[in-house]
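Hello,

Here is the structure I promised to pass on. Please open it next to this message and follow along.

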Amino acid sequence: MSTAAVGDLVSQPYRYGFVTDIETEKIPKGLDEDVVRLISAKKEEPAFLLDFRLRAYRQWLQMQTPDWAALGFPAIDYQDIIYYAAPRQQSKKASLDEVDPKLLETFDKLGIPLSEQKRLSNVAVDAVFDSVSIATTYREKLAEHGVIFCSISEAVKEYPELIERYLGTVVPSNDNYFAALNSAVFSDGSFVFIPNGVECPMELSTYFRINSGDTGQFERTLIVAEEGASVSYLEGCTAPMFDTNQLHAAVVELVALDDASIKYSTVQNWYAGDENGVGGIFNFVTKRGHCRGDRSRISWTQVETGSAITWKYPSCVLQGADSVGEFYSVALTNHHQQADTGTKMIHVGPRSRSTIVSKGISAGQSSNSYRGLVQIGPKAVGARNFSQCDSMLIGDRAAANTYPYIRSQQPDAAVEHEASTCRISEDQLFYLQSRGIGFEEAVSMMVSGFCRDVFNQLPMEFAAEADKLLALKLEGSVG
Amino acid sequence: MIRPDAPVLLEIRDLHASVAEQPILHGVNLTIRAGEIHAVMGRNGSGKSTLSKVLAGHPAYTVSAGSVLYRGEDLLALDPEQRARRGVFLGFQYPVEIPGVSNLEFLRVATNARRQERGEEELDTFAFEDLVRERLEVVKMDPAFLERSVNEGFSGGEKKRNEILQMALLEPLVAILDETDSGLDIDALRIVAGGVNQLASPENATLLITHYQRLLDVITPDYVHVMAAGRILRTGGKELALELEDRGYDWVDAELAALAPAPLEVG
């Protein structure tokens, strides 16, 4: 095979592309104030939340789609989207036995066993199907430690004072176009609250599944770690294969008080569209962590492999003195996927530190951009940042870009940025092959070697998973 | 060691091959039996390295005519990885660096691929570490090299030792060593050659591709072949190499000119 053939990409079928045939309650397509009110009413929300939504909706109407990212996509018709879809079941079930077996089966098929006997022993799971959470495991066990882990809809009813205190305080409803849209129509997501001094006894995980074809998913997640608390949280996502694009506009807010630590990991595997770029999820996500307390720490790790479009910049506002922000990212694009992803590290507090490690892999005719901002405010004496952005190109039709922005108002700060670009060469592949290692295994060895620094940051159960996922994504993609 | 009754491992017949549309090999014939050490000598551009790449299955080289049988099987029909698993090994003149891929992990995956082909059990990380530490002795290599990325930042001599270490782990039946002596100082040359000698057995065969006599001072070949213009011009015993050392390659040109028609005149 010639060098040109190295880039000749063939699709590996998406394993999660099935649709669950289940009776779904949907509201009509379209968005106006009545739809916002209807969503709020369906969720039986308190007045403060309806006000929050309406304010966001009105702000959104005044805003424009951001166009600064290196992404090309057709205008989204917001009147052609269904904003609420839920499997028809009476209410959230007290026990898994009452959950529709079809839903349990769906999550089984996705490799997320919810049924008691098959659960991962050290991971609690919140399972979100279209617009609603259908089950959260280990709630009682976590409650014994004072940890709250439930869907955000339940939290609104059961812990309204916590929601009112924290919701929208990290990502204001008018933060950006997609955050405003989410704030108006958000459906479900997870709520995590770790009280003072508690180390969460197990991994928490939310699995997001889009099932309906014409529905948007507006995930909203809020994690609060009080003084000295710590938690490790992982989210996963998949969707069926449809030949139309679907919108996923999420907002995730993290709050870490003094000495608290939050580790947030994502394995994103939304449907990416086919090899000709038809279909796939438009993924517009605002994720931000607020290191509010001194010595607090927030760490983002993401493995982005899916979606037709990814627009996502998990960020940290480092307000506390000696607070720490981390961003570890692997973004893989293949075929016609486009990703514009990175982070923002906003240094406010003195001696705040941040680390950015980004690994972009572009194959096929895809485009993969890193976009990152490191900002050092005037009070961030002794702040430090280290950034490393590496790109790997597979074939000769893919594109990789790096857009690092550095703004420092503090002469005492130290900011380092390193970047590299490499290409898997035919000679490297031949070398591995000539030692008996198959072509695809050779590619995947090189790719996982390239991503090792990031995979090392994932919780152990998921590191191997991520490695496999990447190998799968590239299977048949080279050669 | 020449034994006329030893099984034939490699049989190259009238092999023609080209790279980037440029014909390089013009009818190579060579038979290698178990237990034998062959040396192919020749000037730069004579086709020696092309021969080694074609045998290993490098994708940039195209075979236009001829055949290669490896233990009776059509070698050219196999992917490079299949050839390696069956016991064909190419020691590279310029081993590439592969950043990020751990040398130890690479050696383990390669060794297990070969073991699997032979119906042997795969080695887990612990069993493999024992094996690799034992084989490191063959090339007197520092175990610290196992922890690094494949060939990354290795000196020329360290890369060549890593090649012979791979050979020691994969236990090939036919080892083709392309200019293994190039870039080695005399001590490194002795270590590398010592490794090759140690690995040679009545069951396997070695094909040395080299420019110079000095490698053949330390590894004694059973056969020496002189290559020019893409074919083997003469074959003899180890004394042929000494003759080359003495007389240089000029007589090869004279002999080549006497052959008609020269391939270059065509078209």
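Below is what turned up, taken chain by chain and then at the contact.

One caution before the details: this is a predicted model.

Chain A, strand E3

Start with strand E3 of chain A, residues 123-129. How many of its 7 residues are buried? The count is 6, so E3(A) is mostly covered by the cut-off of 20 or more other C-beta atoms within 10 Å. E3(A) pairs with two strands that I looked at. With strand E7 (residues 203-209) of chain A, the pairing is parallel and runs over 7 bridges. Ala124(A) has Leu204(A) as its bridge partner there. With strand E4 (residues 132-136) of chain A, the sense is antiparallel, over 4 bridges. Phe129(A) sits opposite Val132(A) in that pair. E3(A) and E4(A) make a hairpin, with 2 residues between them. Check Asp130(A) in the turn: its phi is positive, about 50 degrees.

Chain B, the sheet of 6 strands

This sheet is open, with mixed pairing. Its order is E6-E9-E10-E3-E11-E12. Strand E6 (88-91) and strand E12 (231-236) of chain B are the edges, each pairing on one side only. From one strand to the next, the twist averages 20 degrees. Inside the sheet, strand E3 (residues 37-41) and strand E11 (residues 223-228) of chain B are parallel partners over 4 bridges. Val40(B) faces His225(B) across that pair. Which helix lies across this part of chain B? Helix H1 (residues 48-56) of chain B does, lying across E3, E6, E9, E10 and E11. H1(B) runs at about 140 degrees to E9(B).

Chain B, the sheet of 4 strands

Chain B also has an open sheet in the order E2-E1-E4-E5, with antiparallel pairing. Here the edge strands are E2 (22-33) and E5 (73-74) of chain B. Strand E4 (residues 61-70) of chain B is joined to E5(B) by 2 bridges. One bridge pairs Tyr70(B) with Glu73(B).

Where the chains meet

The contact takes 18 residues from chain A and 19 residues from chain B. On the chain A side, helix H9 (426-433) and helix H10 (439-455) of chain A are the elements that give two or more residues. H9(A) has the largest share, 6 residues. By class, the chain A side holds 7 nonpolar, 7 polar and 4 charged residues.

Best wishes

Terms used:
Residues are numbered from 1 along each chain as its sequence is written. Chains are lettered from A and ligands numbered from 1 in the order in which they are written. This is a predicted model: local features need pLDDT of at least 70, side-chain atom pairs count only at pLDDT 80 or more; totals for chains, interfaces and linings use all residues. Two strands pair if DSSP finds at least two bridges between them. Two residues are in contact if their C-beta atoms, placed from the backbone, lie within 7 Å. Ala, Val, Leu, Ile, Met, Phe, Trp, Tyr, Cys and Pro count as nonpolar, Asp, Glu, Lys and Arg as charged, and the others, Gly among them, as polar. Axes are lines fitted to C-alpha atoms, for helices over the stretch in contact, and angles run from 0 to 180 degrees between N-to-C directions. A residue is buried if 20 or more other C-beta atoms lie within 10 Å of its own, exposed if 12 or fewer, and partly exposed in between; C-beta atoms are placed from the backbone.
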